[in-house]
Amino acid sequence: MDAIALGLETLMEPTVLAFLMAGVFFGLVVGSIPGLNDNIALAIFIPFSFSLSPTYALALMIGLYCSTAVGGSIPAVMVKVPGTASAMLTGIDGNAMARQGMAGKAIGLAISSSVFGGIASALVLLMFAPPLAKFALRFGYVENFSLGVLGLASVVGLLGANIYKGLLSATVGLLIATVGFSIKTGYPRFTMDMANLYEGMPFIPLLVGLFGITPMLEMAEEIVRERRLGNRPSALPRISDAIVPSWQLVKRLLPTWVRCASIGNVIGVIPGAGMLMAIFLAYERTSRVYKRKFEGRPGEAKWGEGAPEGIAAPESANNAVVASSMVPLLSLGIPGNSVSALFIGALMIQGMMPGPLLFIQHPNIAWMIILSFLVANIFMGPMALALVRTLSSVVYRIPKEVLAPTIGLLCLSGAYSDGNAMFNVWVALGFGSLGYAFNKLSIPHAPLILALVLGRQIENNLSNSLGISYGDWSIFIDPVNHPISFGLIVAATAFVVLPIIKRLWNSRRQVNEAA
Amino acid sequence: MTAQLRKPDVWAGIVFLVLGVWAFAESSTFDDMSRTYPMALSAGLVLFSASIILRSVFDRTPPKADAESATIILSGPCFQILLWGGWALLLGLGAGYILPSIVVVSIAVLRAGFPGRLRSIASSVAVALAIFGIFYFIFDVPLPVLEVIGDILD
């Protein structure tokens, strides 16, 4: 209880609250600009966090993370161009509603659903992260190695048909993480006699490259493609109706919010699952309920043609992923998604490591982070409602042609500022190009990022575990002396093997059916 | 076989296979205690790359011949990589931060088709100076500057 009070006291400092609100504001702006997202915004911001105190930097980042998804729904509703990928389904019913002259209602629904999802998710973080962290304190080298393996396996396993590419991506990440002095002997590995690599691949420029330069390159591709097609942005609908949803509508949407926020929370806690999986699951589930309960009734739109539930489902689900994705990061040190991986960078800059020890070494910071998610979501609703008319008209005045090089210059300057070394600029550029190549080849990013984050810990825990067991690998699957590790390895195996068995089963069934 | 070689997955697999073989050979030169883990990972990389190549070769779906996409990638992202690589080179060669930034941002904006040459250059100067200001003055990052500009700023 004292630790919670300490976190609350830290958060309630006026400057920290101001940074949190500034983060919410910037998140709404960034999210509402098509092409920008939370990854880019945080990648640009991380190098700046050097010069801020940890509480200010984290408050700003949390505010930004919470509100980008809401901002993303504005262009999705207005012109069916989602500001962020997580708003891609919001645009279907949202834009249909806007074209029927109900843009205000659609945006109001998106905001209220996001706030509901966000607050539910913050409560999940508040309830589950601390006890999970307490439990994780029992983990030794053996359990921590198995936990790292489970983290990677869960990400790879969720890729379905892409499992081989996922394994390749994870292996590349683990291999890159071995660059630098060996933990055991200090032998320089894969350094090619470059002093800059002795301490390992610079982490911040690497993140800046993957999260900032890669989208910049994608934006450059999109600009060229649009120019060749001669596309011009379409006219923006106007908001002429009320934005705040009626009480009657709120009552009707409550079951949808609860259902979809629960889906988002469960998905958020699983490393690597991400917002997209949450919105698709929530949308699909809600469509079935809507078709059964509302479709065909007088005054009710068809699904996909302006159904309020079609906005409420993806918006409450995507915001429910936000705080819950921090549960594995804060309690176990494993990022729930790519954005929470960026939080590792920010914490590392401030000399902290996420994981169970954060609650012991820096309880005020750990609790401040948790409570900030709750407060940011409370701020977000009124701020988004107040700003929506301005944002929806201003965002389309920012030309993409200037935005792309601005992101490029910001990211590369940020990479340079981490140690003031030109080498870091090359690292950011190299990893940006690698990320772009991965996208083009449909090689998933998530396993690469998770492997880069966990690589050193996995190797360290592996070598220490094998040291304890005198080289006996069965220590990881010893149900008597290491039952937690045994359970984690069983779960990891299930994550990878079950999708393969399911695919084989399905293809066999298809062959049988064809015969 | 020629058709299979047009599949990007085959080439990606070959690149990672070569990388895996190189990493395996390199790891074998490390000392006894430091080599096992990277060697195992390199072997894994070789295995997964080979499986991607094989899956792609035996996949009967014909490769998509898309010259348009290749042109877009070359004139969009590839050009940007070269452009920003040039920026990094100029900074490394001591050309300072401001001038290379203005030049590179201007080229990127003009090439993207932003209307009005003068407006493009003005926007680029504004972007470069604003970002320089943020890093140099607010966050106290010692960005490389030409001696003349450094004297003025001091």
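Tutor: Let's begin with a term: a residue is buried when its relative accessible area is under 20%, exposed when over 50%, and partly exposed in between, using a 1.4 Å probe and protein chains only. Everything here comes from a predicted model, where local features need pLDDT of at least 70, side-chain atom pairs count only at pLDDT 80 or more, and totals for chains, interfaces and linings use all residues. Residues are numbered from 1 along each chain as its sequence is written, chains are lettered from A and ligands numbered from 1 in the order in which they are written, and side-chain values use heavy atoms, leaving out hydrogens and water.

Student: How do you know whether A:E221 counts as buried or exposed?

Tutor: The relative accessibility of A:E221 is 7%. The limit for buried is under 20%, so A:E221 counts as buried.

Student: What makes A:R225 and A:E221 a salt bridge?

Tutor: The rule asks for a side-chain nitrogen of Lys or Arg within 4 Å of a carboxyl oxygen of Asp or Glu. Between the side chains of A:R225 and A:E221, N to O is 2.7 Å, so the pair meets the rule. The two are four residues apart in helix α9 of chain A, which means that about one helical turn separates them. As for helices (H or I, at least four residues) and strands (E, at least two), these are DSSP runs numbered from the N terminus.

Student: What links A:R252 and A:E300?

Tutor: Another salt bridge, with N to O at 2.8 Å. This pair links distant parts of the chain: A:R252 is in helix α10 (residues 247–269) of chain A and A:E300 in the loop between α11 (274–293) and α12, 48 residues apart. Both count as partly exposed, because A:R252 has 22% relative accessibility and A:E300 has 24%.

Student: Why is B:D32 classed as it is?

Tutor: B:D32 has 58% relative accessibility, and over 50% is the mark for exposed, so B:D32 counts as exposed. Its salt-bridge partner is B:R35, at 3.4 Å, and both lie in helix α3 of chain B, three residues apart. B:R35 is partly exposed, at 27%. Elsewhere, salt bridges that share partners join A:E221, A:R225 and A:K440 into one network.

Student: How do you know that A:S316 makes a polar contact with A:A313?

Tutor: A polar contact is a pair of N or O atoms within 3.5 Å; within protein, one must be able to donate a hydrogen and the other to accept it, and residues adjacent in sequence count only if both atoms are side-chain atoms. The side chain of A:S316 reaches the backbone oxygen of A:A313 at 3.3 Å, so the distance is inside the limit. A:S316 lies in helix α12 (residues 308–324) of chain A and is buried, with a relative accessible area of 0%.

Student: What is A:S316 in contact with?

Tutor: Contact means heavy atoms within 4.5 Å. Leaving aside neighbours within four places in sequence, the contacts of A:S316 include A:S113, A:W257 and A:C260.

Student: What is noted about phi at A:S442?

Tutor: Most residues other than glycine have a negative phi. The phi of A:S442 is near 55°, a positive value in a residue other than glycine. A:S442 is in the loop between α18 and α19 (446–468) of chain A and, at 43% relative accessibility, counts as partly exposed.

Student: How many residues meet where the two chains touch?

Tutor: 61 residues of chain B are in contact with 57 residues of chain A. The chains bury about 5,200 Å² between them, 79% of it on carbon and sulfur atoms; buried area is the accessible area (1.4 Å probe) that two parts lose on being put together, summed over both.

Student: What salt bridge crosses that interface?

Tutor: The rule finds one: the side chains of B:D9 and A:K165 meet at 2.9 Å, N to O. On the side of chain B that touches chain A, α4(B) gives the largest share, 17 residues.
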